[in-house]
Amino acid sequence: MGMNENEGLSIEEKRQLRRQRRVKNLVCAYIGLMAALVILGVAIFFGIRALNGILGEKESTEPAAAEQEEIPVEEWSVEEEIQTAAPPSGAELLDEIIEARISEMTLEEKVAGLFIVTPESITGVDVAVQAGEGTKEALEKYPIGGIVYFQKNIKSQEQVKEMLANTASYSRYPLFLAVDEEGGEVSRTAEALGLENAGNMAEIGATGDANQAYEALRRVGTYLNDYRFNLNFAPIADVLTNSDNKSIAERTFGSDAMLVADMAAASVNGLQETGITACIKHFPGIGSAGEETHNGLVLVDRSLEELQQEELIPFGKAIEAGVSMIMVGHISLPQIVGDNTPASMSPAIIGDLLRAQLGFNGVVITDAMDMEAITQYYGADEAAVMALKAGADMILMPEDFELALEGVIIAVQDGTISEERIDDSLTRVYRIKFADSVERQ
């Protein structure tokens with residue numbers, strides 16, 4: 001018996017030979033198919049010309065029908081020998097993941113996912129410093145969108161790491177684990193753990209060097225990431241247009257809108273580069289306020305034109321920088337809204353100004369809804385429903401979480417808010433929460 005030509009070859013060499021034969025066969029088949037199509041096209045072309053001559057028509061100046069006709073040809077993967085569709089883009093894949101996730105959720109789960117609350121509000125404890133069975137049971141009952149922690153919740157480095165890790169593991173859905181860490185006087189984590197304070201923003205603003213703002217928030221983001229936080233309610237983009245506004249004077253970058261804009265954008269970049277979601281605040285700007293919304297109604301007599309010339313500039317710059325979340329404050333702007341409705345519950349502020357005019361497509365969250373600017377005039381359920389109807393995506397710290405949650409669920413059931421509106425907000429929230437998982441693929 002004669003020697004087979006493949007004898008003496010290694011397994012890998014035999015596989016390579018077979019692949020070469022398949023490639024050769026596929027190429028030959030492809031060439032044959034193309035040749036047949038060319039012949040067919042030529043035949044059609046001359047057939048049509050002959051027919052036109054018989055009918056006495058003038059020779060057409062338009063391209064022949066056969067030349068216009070595109071006959072689809074199957075594209076073969078030489079290596080796999082199968083048809084392949086173009087892979088979805090990252091954004092398309094992300095939306096597919098989100099849509100699949102939301103489609104499996106109940107209405108109650110969807111609505112709960114739009115709230116960020118304190119750990120005490122769902123566990124019933126006085127001060128939460130650990131996450132055990134109580135937290136696990138609470139998250140099973142209330143699959144909320146996130147938890148915000150304060151200095152009282154943070155006792156040591158290992159304690160906060162374990163508390164946040166356990167909390168995240170107990171939730172059926174990804175959680176925002178949030179904190180207020182602006183630097184300066186609002187530094188919950190740094191103060192609790194004795195870390196180096198990033199410094200107040202007024203001093204950084206006075207340098208005129210936006211890179212200092214970038215570095216400050218980058219340092220903040222680095223240690224927050226180490227302790228497993230993933231959302232920071234910072235930086236502040238308020239322009240200090242009222243020099244008597246002492247409540248935020250040290251927290252703002254200053255009174256020059258363009259300077260504040262550069263500082264705010266740099267801060268957003270520094271924070272988000274560490275993997276921490278930035279939430280810039282307090283739209284549309286509370287620098288002109290004379291009082292604190294913690295203590296009641298605050299009227300701000302600013303026109304739209306005045307806001308556009310100063311307060312809105314830093315928010316626009318932050319949006320250009322890619323900020324993921326914007327917090328809307330509770331000041332009332334009657335010149336713009338037409339009444340004393342707080343900005344956080346006003347369609348004119350959220351829908352018209354922030355969404356339509358500034359083009360922000362990220363997550364809109366209210367300022368804390370347990371402030372007296374809200375609680376003196378609205379019930380927790382009414383306030384939550386009004387905020388969502390106005391265009392907010394998330395409700396922060398309602399005075400009564402259970403009442404607010406139930407109020408929104410009822411509003412959807414009776415048609416006051418559509419379920420599609422809830423889905424839209426949850427989709428925006430999940431675009432932040434699932435972004436990293438898509439980028440890793």
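**Burial, packing and backbone features of a predicted model**

Modeller: Of the 441 residues in the protein, 46% are buried, where buried means under 20% relative accessible area, exposed over 50% and partly exposed in between, with a 1.4 Å probe and protein chains only. The model is predicted, so local features need pLDDT of at least 70 and side-chain atom pairs count only at pLDDT 80 or more, whereas totals for chains, interfaces and linings use all residues. Residues are numbered from 1 along each chain as its sequence is written, and side-chain values use heavy atoms, with hydrogens and water left out. The protein has 20 helices and ten strands; these are DSSP runs numbered from the N terminus, helices being H or I of at least four residues and strands E of at least two.

Biologist: What makes a set of residues a nonpolar core?

Modeller: The members must be buried Ala, Val, Leu, Ile, Met, Phe, Trp, Tyr or Cys residues, joined through side-chain atoms within 4.5 Å. The largest such core has 120 residues, and Phe 115, Phe 233 and Met 325 have the most contacts inside it. A contact requires heavy atoms within 4.5 Å. Leaving aside residues up to four places away in sequence, Phe 115 touches, among others, Ile 144, Met 394, Phe 401 and Val 408.

Biologist: Why is Pro 235 counted as buried?

Modeller: Its relative accessibility is 3%, which falls under the limit, and therefore Pro 235 counts as buried. Pro 235 belongs to the loop between strand S6 (231–232) and helix H11 (257–272). Its contacts, residues up to four places away in sequence excluded, include Ala 264 and Val 268 as well as Cys 279 and Ile 280. The C-alpha atoms of Pro 235 and Ile 280 are 5.1 Å apart, although 45 residues separate the two along the chain.

Biologist: What is the peptide bond from Ala 234 to Pro 235, and what omega does it have?

Modeller: That bond is cis, with omega near 5 degrees. Another cis bond runs from Phe 283 to Pro 284, with omega near 0 degrees; Pro 284 is in the loop between S7 and H12. Most peptide bonds are trans, and most residues other than glycine have a negative phi.

Biologist: What is the phi of Arg 228, and what is that of Met 397?

Modeller: Arg 228 has a positive phi near 80 degrees, and Met 397 has a positive phi near 50 degrees; neither residue is glycine. Arg 228 is placed in the loop between helix H10 (210–226) and S6, while Met 397 is in the loop between strand S10 (395–396) and helix H18 (401–413).

Biologist: How do you know whether Arg 228 and Met 397 are buried or partly exposed?

Modeller: Arg 228 has a relative accessible area of 42%, and is therefore partly exposed. Met 397 is at 13%, and is therefore buried.

Biologist: Why are H11 and H13 called roughly parallel?

Modeller: Their axes cross at roughly 30 degrees and come within 8 Å. Axes are lines fitted to C-alpha atoms, for helices over the stretch in contact, and angles run from 0 to 180 degrees between N-to-C directions. Angles under 35 degrees count as roughly parallel, over 145 as roughly antiparallel, 65 to 115 as roughly perpendicular and the rest as oblique; H11 and H13 are therefore roughly parallel. The contact is made by H11 residues including Met 258 and Val 268, and by Ile 313, Pro 314, Lys 317 and Ala 318 of H13. Its residues divide into nine nonpolar, no polar and two charged, with Ala, Val, Leu, Ile, Met, Phe, Trp, Tyr, Cys and Pro counted as nonpolar, Asp, Glu, Lys and Arg as charged, and the others, Gly among them, as polar.

Biologist: Which residues of H13 are buried?

Modeller: In helix H13 (residues 312–320), they are Leu 312, Pro 314, Phe 315, Gly 316, Ala 318 and Ile 319. They pack against elements including H11 and strand S7 (277–283). Gly 322, with a positive phi near 95 degrees, follows H13.
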